[in-house]
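Open the model in your viewer and keep the selection tool at hand. We will go stop by stop.

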Amino acid sequence: MKQILLVEDDLTYSRIVKTFLEKNGYAVQTCIKVKDAQQIMSSNSFDLIIADFRLPDGTGMELLQWTKSKFPQTQVILITHYSDIRIAIKAMKLGAFEYITKPINPDELLATVKESLSVKENEAPKISSSPQKSTEPKVSKGSYVIGSSAEAEKLEKHIQLVAPTDLSVLVLGETGTGKEFVSRRIHELSTRKDGPFIAIDCGALPRELAGSELFGHVKGAFTGALEHKTGHFESANGGTIFLDEIGNLSYEVQIQLLRAIQERTIRKIGGNKEIQIDVRIIAATNDNLILQSGDGHFREDLYHRLNEFTLHAIPLRRRKEDLEDFSQQFLEESNARLNKSVSGFTPEVWEIFLAYDWPGNLRELRNIIKRAVLLTAGGLVEKDALPADLYEPSLQSSPSSMSGGASSMGNELPSPKDYKSKWIEQEKELIQKVLNDTKFNKSKTARILNMDRKTLYSKMEKYGLD
């Protein structure tokens with residue numbers, strides 16, 4: 001019997017989910033805090049962790065990162081409100097199998113649980129000489145959708161222009177815009193197409209092991225290095241290496257990376273032998289590396305080495321003409337994955353898709369379509385198969401909902417876009433005021449606003465506050 005740990009502080013919700021899963025043949029243990037979960041997992045073995053994102057002493061993201069560092073083969077599913085969609089997508093990049101949104105649909109939950117455990121069963125066991133986070137590169141291929149909008153055609157033209165060269169490429173874009181797909185497209189159109197394509201999420205690399213993962217190490221280089229290790233750069237020889245979230249690399253690893261680009265050689269951690277490499281580098285980020293270089297967090301010389309050619313992955317809200325192409329692709333993927341035969345979407349669903357802002361971009365669209373296909377019994381996806389947050393104003397973060405007060409159900413409510421535009425306007429004004437008050441001291445501004453500097457840089461770029 002598969003063992004599941006459910007981490008949920010809403011006791012009523014926890015009891016409902018536990019009972020449902022137990023009726024479907026799973027053994028479920030529950031707790032309400034991150035620390036409780038860590039203690040239980042230290043003395044018990046679990047096949048799957050299901051954790052709410054918001055917990056009394058931390059977040060599901062913290063539990064995810066801890067789990068993946070200690071028990072890399074254990075799958076993690078996050079439960080989140082739809083307002084946390086960006087965080088949920090980030091969690092998937094850090095190793096979460098999937099996220100599901102509240103209110104939980106029982107069929108969706110059961111299908112996701114079965115799929116996560118099925119993937120775990122089919123994975124070959126990995127033998128490691130030392131306990132460390134699983135950082136195997138993502139090598140699964142996916143279909144690239146060019147799109148038919150003017151911006152999509154421009155992006156494809158630039159891809160075809162740079163692909164045959166050996167220039168290093170920097171792919172910029174928001175989370176979920178398909179930066180890895182763009183990079184893989186470059187590789188497949190290049191002279192290196194028959195070589196390996198190794199994709200590394202730098203944000204998921206343990207800080208103390210990033211150098212070893214990228215460049216390898218020799219036996220005895222550090223405690224736990226019980227055998228020689230081939231790094232990702234050496235594995236990518238003759239092909240392309242894709243470094244996602246490049247801004248997360250430590251300053252020390254940036255120096256090693258700069259040397260690898262300049263001299264086309266690497267040296268394993270603890271080694272003294274120079275190893276020749278023939279690798280094309282494509283890097284991606286949603287950070288403003290120029291701002292980071294100005295603050296000393298990213299080397300300016302490395303930025304210029306990586307930025308021999310720049311591509312911009314397009315947010316979905318700016319390529320609505322391509323919605324049909326992407327939706328059809330994701331529909332076919334979902335049908336194959338769930339053994340369904342849904343043929344399309346109703347006109348009402350198309351109206352909702354076109355009106356929605358898609359903050360999670362392509363990842364969000366793919367996830368919503370997969371969920372909708374699961375819930376669709378007929379031939380077309382209908383409105384009821386979509387999360388209500390796509391077409392109804394969310395009151396989850398309103399003052400009345402947080403205080404338990406009654407909402408004005410009889411009054412006409414503003415649209416989700418109205419709420420969002422007001423929030424954006426207020427946030428921009430607040431950041432501008434604090435920047436002015438601190439004479440544009442970004443570190444001090446970030447502390448006052450209680451956000452990390454990367455978030456501040458991103459928002460400054462978004463609102464044009466440079």
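At what angle do helix H18 and helix H19 pack? Select residues 442-449 for H18 and residues 453-463 for H19. The two helices pack at an angle of about 100°, and their axes are 9 Å apart. (Axes are lines fitted to C-alpha atoms, for helices over the stretch in contact; angles run from 0 to 180 degrees between N-to-C directions.) That makes H18 roughly perpendicular to H19. (Angles of 65 to 115 degrees count as roughly perpendicular, under 35 as roughly parallel, over 145 as roughly antiparallel and the rest as oblique.) Helices (H or I, at least four residues) and strands (E, at least two) are DSSP runs, numbered from the N terminus.

Now show the side chains. On H18, the contact uses Lys442, Ser443, Thr445, Ala446 and Leu449. On H19, Arg453, Leu456, Tyr457 and Met460 take part. (Contact means heavy atoms within 4.5 Å.) These residues divide into five nonpolar, two polar and two charged. (Ala, Val, Leu, Ile, Met, Phe, Trp, Tyr, Cys and Pro count as nonpolar; Asp, Glu, Lys and Arg as charged; the others, Gly among them, as polar.)

A note before moving on. This is a predicted model, where local features need pLDDT of at least 70, side-chain atom pairs count only at pLDDT 80 or more, and totals for chains, interfaces and linings use all residues. Residues are numbered from 1 along each chain as its sequence is written, and side-chain values use heavy atoms, with hydrogens and water left out.

**Next stop: a sheet**

Select strands S2, S1, S3, S6 and S7. In that order they form an open sheet with parallel pairing. (Two strands pair if DSSP finds at least two bridges between them.) Look at the edges: S2 (27-31) and S7 (98-101) each pair on one side only. From one strand to the next, the twist averages 20°.

Zoom in on S1 and S2. Five bridges pair them in the parallel sense. Find Leu6: Thr30 in S2 stands opposite. From S1, the chain crosses through helix H1 (residues 11-23) to S2, in a right-handed β-α-β crossover. (Right-handed: with the strands pointing away from the viewer, the path from the first strand over the helix to the second runs clockwise.)

Which strands stand at the edges here? Select S9, S10, S13, S8 and S14, which form an open, parallel sheet in that order. S9 (197-201) and S14 (309-312) are the edge strands; each has a single partner strand, so one side of each is left without a neighbour in the sheet. Four bridges join S8 to S14. Find Leu172, whose bridge partner in S14 is His312.

**Last stop: confidence**

Colour by pLDDT, the predictor's confidence in each residue, from 0 to 100. The chain's mean is 81, and 84% of its residues reach 70 or more. Where pLDDT is low, the predicted coordinates should not be read in detail.
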